[in-house]
Amino acid sequence: MMLPIHCDVKGQLKGVKFSHLHVTINALEQMAVLKYNVKSRYLHSTPMSYLADVASTFGITMAGGTHVFISDFDAVNMLKAISQYEVTHTFLNPKMIRSLFNVTTNTWKEIFVDGDCVSLRTIRHGDTPMPRDLLEIATDRFARCEFQTHLAWLVVLVQYTKCNV
């Protein structure tokens with residue numbers, strides 16, 4: 001199995017070869033860390049091609065949870081999907097997270113009853129570290145939500161190392 005991870009500085013697509021065992025172990029890690037279960041609802045949003053999203057794809061499926069998809073990233077549509085489908089987990093990069101907070105307060109209140117997003121439990125963020133100012137805004141707006149930094153290349157290295165010890 002070959003999974004594309006990202007482009008290098010020259011724009012060349014990089015890929016890593018994984019066995020089914022590697023994918024399964026990564027999915028099991030997602031299930032354990034994120035506490036996926038039959039009530040979990042994972043929102044997939046493009047552009048996401050990271051191993052983290054792939055691991056959650058398998059992890060949510062293995063836990064019997066629900067997949068929610070939006071065709072492309074738009075902050076308002078994403079917030080509407082979180083509200084409508086009571087999404088519990090998602091994976092975003094910091095730029096996507098920042099755009100969620102560029103939505104006007106009135107729009108936010110129209111989407112979420114009492115202006116509160118109660119279903120979302122975990123946002124994994126990757127691609128780049130989350131800037132401190134953004135993390136402060138995000139933890140205030142999503143007060144019940146846990147934020148986890150997840151750099152796919154690091155997980156690949158750790159999982160690969162664990163599998164070959």
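**Burial and packing in a predicted model**

Colleague: To begin with Thr-122, is this residue buried or exposed?
Modeller: Thr-122 counts as buried, because its relative accessibility is 6% and the cut-off for burial is under 20%. Please bear in mind that this is a predicted model.

Colleague: Where does Thr-122 lie?
Modeller: Thr-122 belongs to strand β6, which covers residues 122-125.

Colleague: And which residues is Thr-122 in contact with, apart from its neighbours within four places in sequence?
Modeller: The contacts of Thr-122 are Leu-34, Thr-88, His-89, Thr-90, Cys-145, Glu-146 and Gln-148, with those neighbours left aside.

Colleague: What does Ile-123 touch, not counting residues up to four places away?
Modeller: On that basis, Ile-123 touches Thr-90, Leu-92, Ile-97 and Phe-142, together with Cys-145, Glu-146, Phe-147 and Gln-148.

Colleague: Let us turn to the largest nonpolar core. Which of its residues touch the most other members?
Modeller: Ile-123 is one of them, and the others are Leu-43, Leu-79, Ile-82, Ile-97, Leu-120 and Phe-142. This core has 27 residues.

Colleague: Which elements give two or more residues to this core?
Modeller: They are β4 (66-70), α3 (75-84), α4 (94-100), α5 (105-111) and α6 (132-141). The largest share, 5 residues, comes from α3.

Colleague: How many residues are in the second core?
Modeller: That separate core has 7 residues, among them Leu-34, Tyr-36, Tyr-42 and Ile-60. In soluble globular proteins, nonpolar side chains tend to be buried together.

Colleague: Now the surface. Which residues form a nonpolar patch there?
Modeller: Leu-28, Phe-58 and Met-62 form the patch, and their accessible area together is about 260 Å².

Colleague: Where is Phe-58, and why is this residue called partly exposed?
Modeller: Phe-58 lies in helix α2, residues 51-63. Phe-58 is classed as partly exposed because its relative accessible area is 36%, and that class runs between the cut-offs of 20% and 50%.

Colleague: Finally, what share of the contacts with a separation of 6 or more joins residues 24 or more positions apart?
Modeller: Residues 24 or more positions apart account for 73% of those contacts.

Key
Residues numbered from 1 in each chain as written. Predicted model: local features only at pLDDT ≥ 70, side-chain atom pairs only at ≥ 80, totals over all residues. Heavy atoms only, no water. Core = buried A, V, L, I, M, F, W, Y, C linked by side-chain atoms within 4.5 Å. Buried < 20%, exposed > 50% of the residue type's maximum accessible area, 1.4 Å probe, protein only. Helix = DSSP H or I, 4+ residues; strand = E, 2+ residues; numbered from the N terminus. Contact = heavy atoms within 4.5 Å. Patch = residues over 30% accessible without salt bridge, like charges linked within 9 Å, V, L, I, M, F, W, Y side chains within 5 Å. Areas by Shrake-Rupley, 256 points an atom, 1.4 Å probe, with all protein chains shown as cover. Salt bridge = Lys/Arg side-chain N within 4 Å of Asp/Glu carboxyl O.
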